Amino acid sequence: MDFFKFFNKNKTSKDVAKDRLKLVLMGDRGVSADLMETIKSEIMQVLNKYMEIQTDELDIQITKTQSEDGERMVPALVANIPIKNVKKRN
Amino acid sequence: MSDVIVITSGKGGVGKTTTTSNIGAGLAAMGKKVVLIDTDIGLRNLDIVMGLENRVVFNLVDVIEGECKLKSALIKDKRFPSLFLLPAAQTKDKDAVTPEQMKELCDELRDSYDYIILDCPAGIENGFKNAIAGADRALVVTTPEVSAVRDADKIIGMLSAHGISDYRLLVNRVRVDMVKRGDMMSMEDIMDILGIGLIGVVPDDQDIIVSANRGEPIVTMEKSRAGEAYRNICRRLMGEDVPLMDLDPSKGLVGLFKKWFKN
């Protein structure tokens, strides 16, 4: 049996509760549209140094995804950023 | 300086009314002038928990509607000379009062009392908005259950949205045996999730049911663990720096004796 799976099965119920609460509160609290816009524009600023981005098709959102061990769902920031062109480095 | 404190939780049944009655009695026993307001219109309960149900004549809605004077609606608790209760109406609904009227009432009471403590109804609708309208600060009551913690988080967000930034957490009904074996979230776990400061932790205690049965607050029972926890919370509300009590019964003197007898 997988080493991590063994540990996961032994996870106490309070750990399960904490994990589930943290995930559900992320959704309950939500990230405001304003904050999301700020995050987007700051990511863009960084990426613009190295490549040209197709800004109108940019998609960044907070979702849930399976954890690495596949045992539970964890929150994730998923970004789909179409690249027009990679800038030439001098 | 008087202090208006709302006891709230979001979820029902986590111990708001018990907390209100014990903090009220505790502060009064420590010499403060206290008035408790039951804002749960339609589901009046603070009176029966405190053992004052037979003395209700007028209520919160009567006062707001001008049916009686504020003074004549206040029930004086004979056990604590400086403790008063303004009961909720039982036959009206929550829309019988407005947040503005509640704020006026709280401000009127500030002149005569050190502490005005509001027992908030469960939920996030008008009853909640009425209860918090006049408050300076809030105590958010939760138990170590996922549902109660989630609702507490929602309430914290709503308090901030309504301009109350001074709120502290009260973790109620903690069972040390379950925390020890990892089957109950500890106060640290809950603080980690909610990210707010703590006013106190109250252990799960059968005497709470017994005291409510008899209509006597537990805060004055010297030997009760929950009573001690409430006394500590009262002192913290008054600004004293009181360390958190050790909830583990196997550690105290009684626990030591128990261990000896077992061996």
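Residues are numbered from 1 along each chain as its sequence is written, while chains are lettered from A and ligands numbered from 1 in the order in which they are written. As the model is predicted, local features need pLDDT of at least 70, side-chain atom pairs count only at pLDDT 80 or more, and totals for chains, interfaces and linings use all residues, with side-chain values taken from heavy atoms, leaving out hydrogens and water.

I start with chain A. It has three helices and four strands, in the order α-α-α-β-β-β-β along the sequence. Helices (H or I, at least four residues) and strands (E, at least two) are DSSP runs, numbered from the N terminus. Of the 90 residues in chain A, 19% are buried. Buried means under 20% relative accessible area, exposed over 50%, and partly exposed in between, with a 1.4 Å probe and protein chains only. Contact means heavy atoms within 4.5 Å. Among contacts in chain A between residues at least 6 apart in sequence, 49% join residues at least 24 apart.

Now the surface. Chain A exposes about 7,000 Å², with 51% of it supplied by carbon and sulfur atoms; accessible areas come from the Shrake-Rupley method with a 1.4 Å probe, and for residues only the protein chains shown count as cover. Met26(A), Val31(A), Leu35(A), Ile62(A) and Leu77(A) make a nonpolar patch of about 400 Å². Patches are made of residues with over 30% relative accessible area and no salt bridge; like charges are joined within 9 Å, and nonpolar side chains (Val, Leu, Ile, Met, Phe, Trp, Tyr) within 5 Å. A salt bridge is a side-chain nitrogen of Lys or Arg within 4 Å of a carboxyl oxygen of Asp or Glu. Leu35(A) sits in helix 3, residues 33–48 of chain A, and is partly exposed at 45%.

Next, Lys22(A), in helix 2 of chain A, residues 13–29. Which residues does Lys22(A) touch, not counting residues up to four places away in sequence? They are Asp192(B) and Ile193(B). Lys22(A) is partly exposed, with a relative accessible area of 39%. A network of salt bridges links Lys22(A) with Lys14(A), Lys18(A), Asp189(B) and Asp192(B).

On to chain B. Ala89(B) is in the loop between strand 4 and helix 5, and counts as buried at 1% relative accessibility. Leaving aside neighbours within four places in sequence, its contacts include Asp40(B), Ile41(B) and Asn59(B).

Asp40(B) also forms a salt bridge with Lys94(B), at 3.2 Å from N to O. Asp40(B) lies in the loop between strand 2 (34–38) and helix 2 (46–50), and Lys94(B) in the loop between strand 4 and helix 5, so the pair ties together parts 54 residues apart in sequence. Asp40(B) is buried at 15%, whereas Lys94(B) is partly exposed at 25%.

Arg79(B) and Asp77(B) form another salt bridge, with the closest N and O atoms 3.0 Å apart. Asp77(B) is buried at 1%, and Arg79(B) is partly exposed at 38%.

How many salt bridges does a search of the whole structure find? Over all chains, the search finds 20.
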